[in-house]
Amino acid sequence: MSADVPTYLDGNAAAGALREVFAVDLTAAIGKCTGCGHSAVFAEAHVYVDAPGMVARCPGCDNVLLRVVSTPNDTYLDLRGLTYLRISNTP
Amino acid sequence: MERTALRRRLTWQVGTVTEVRDETETARTIVLDAPDWPGHLAGQHVDVRLTAPDGYRASRSYSISSAWTGEGVELTVEQVPDGEVSPYLVEVLKVGDPLELRGPVGGWFVWRPEQAGPIQLIGGGSGVVPLMAMLRAHGTAASTTPVRLLYSVRRPASVIYVKDLKELAASEDVDLTFVYTREAPAGEPRVGRIDAALLQAKAFAPADDLTTYVCGPTPFVEAVADLLVTGGHDPARVRTERFGPTGGPR
């Protein structure tokens, strides 16, 4: 595979893993990046699924927004790169 | 303290395969009965998990191809060479087999029949799968929302849902354009990728109430989304879903 073929997917690919821990869908939530201040729907984040767990990065600056790792007993959720998540109250 | 029911977390459940349909040489539709299925929106997907005898697990996401009609859920899976999950689903899985799934998930790349404004669907390869669910939901709801599909495929034999698509395209509200990137059928002179001229000719022009859905491999989605935005479409009205070279959105 050539190095310039992007290997990321997008926030939609993380929907299932996140729906295990959140009561609402997060792909339609707006997230603001701590790195560059870019805000966008989480569905547009670049998601890498080949890492141990999933890593979501900002499409603007590549900052790590979120990581989610499941072990047989626990799920680790690391939200280091999000200033906030804005979730609609309308289902 | 008043006791309220805790919302149950979404987790894995076991469905049963009730039907399999070969769509092309490498793509197959799997119909599942899932007892705890709450219904789904067009464009949503499910995660499928396989467990090997030694406990090794692999999961992938697959788009739902059916509109919700009260029972069952259909997935269409394109086989990825050397994939961990798709070869089993396309070649081995049979009617009566159990299959572990988690879903439906996703609330962004969805179309609801009550949503205002025309819809432009642009799919590359098996990226047509969630768009097919939208077209079917459009038909099921007897929606008169204008909808156009641009479907980019390598060659005529790669077209998934060819018969269903032609039936749906008989509706005056549905417009269908095939784009062939490697080999076109007789009488179709154009072979090549979607470009600005093709979008100009076949896709809806930018409009405030238009919603565009683009699904396909990551490079396809990036290229088409860039063309749309350069062509004057509001990025906030272009919804995208990417899948990777190693096996479907996952």
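**Entry 1: the core**

I started with the largest nonpolar core of this predicted model. The core counts 81 residues, and I looked up which of them touch the most other members: they are Leu131(B), Met134(B), Tyr213(B) and Val224(B). Next I checked which element gives the largest share, and that turned out to be helix α2 of chain B, residues 128-140, with eight residues. I also wanted to know where the core lies relative to the domains of chain B. Domain 1 (13-105) and domain 2 (119-243) both give residues to this core, so it lies between them.

I then picked Met134(B) and skipped its neighbours within four places in sequence. What is left on its contact list is Ala42(B), Gly43(B), Trp111(B), Ile119(B), Leu121(B) and Tyr213(B). Tyr213(B) is also one of the residues that touch the most other core members.

**Entry 2: the two domains of chain B**

Across the boundary, 15 residues of domain 1 are in contact with 15 residues of domain 2. I sorted the domain 1 side by class and got four nonpolar, eight polar and three charged residues.

I also looked at the UniProt record, an unreviewed entry, which lists residues 10-111 of chain B as "domain: FAD-binding FR-type". In the model that span is 7% helix and 44% strand, and its end C-alpha atoms lie 22 Å apart.

**Entry 3: where the chains meet**

How many residues of chain B are in contact with chain A? I found 24, and they meet 20 residues of chain A. On the chain B side, the elements giving two or more residues are β6 (98-105), α5 (218-230) and β11 (238-243). The largest share comes from β11(B), with four residues. By class this side of chain B divides into eight nonpolar, eight polar and eight charged residues.

**Entry 4: chain A**

I went through the secondary structure of chain A and noted one helix and eight strands. Along the sequence the pattern reads β-α-β-β-β-β-β-β-β. The C-alpha trace spans about 45 × 35 × 20 Å along its principal axes. For 91 residues, a compact globule would have a radius of gyration near 12 Å, and the 13 Å of chain A agrees with that. Buried residues make up 37% of the chain. Looking at contacts with a separation of 6 or more, I noted that 48% of them join residues 24 or more positions apart.

Then I listed the exceptions I had looked up.

- The peptide bond from Gly103(B) to Pro104(B) is cis, with omega near 0°. Pro104(B) lies in strand β6, one of the elements on the side that touches chain A.
- Asp82(B) is not a glycine, yet its phi is positive, about 65°. I found Asp82(B) in the loop between β5 (73-78) and α1 (86-92).
- Ala142(B) is not a glycine either, and its phi is about 50°. Ala142(B) sits in the loop between α2 and β8 (147-153).

Is Asp82(B) buried or exposed? I counted 8 other C-beta atoms within 10 Å, so Asp82(B) is exposed. Ala142(B) has 9 such atoms, so Ala142(B) is exposed too. The cut-off I used for exposed is 12 or fewer.

Conventions:
Residues are numbered from 1 along each chain as its sequence is written. Chains are lettered from A and ligands numbered from 1 in the order in which they are written. This is a predicted model: local features need pLDDT of at least 70, side-chain atom pairs count only at pLDDT 80 or more; totals for chains, interfaces and linings use all residues. A nonpolar core is a set of buried Ala, Val, Leu, Ile, Met, Phe, Trp, Tyr and Cys residues joined through C-beta atoms within 7 Å. A residue is buried if 20 or more other C-beta atoms lie within 10 Å of its own, exposed if 12 or fewer, and partly exposed in between; C-beta atoms are placed from the backbone. Domain bounds come from an automatic or database domain assignment. Two residues are in contact if their C-beta atoms, placed from the backbone, lie within 7 Å. Ala, Val, Leu, Ile, Met, Phe, Trp, Tyr, Cys and Pro count as nonpolar, Asp, Glu, Lys and Arg as charged, and the others, Gly among them, as polar. The radius of gyration is taken over C-alpha atoms; the globule rule is 2.2 Å times the number of residues to the power 0.38. UniProt positions are given in the numbering used here, feature names are shortened, and annotations may be inferred rather than shown by experiment.
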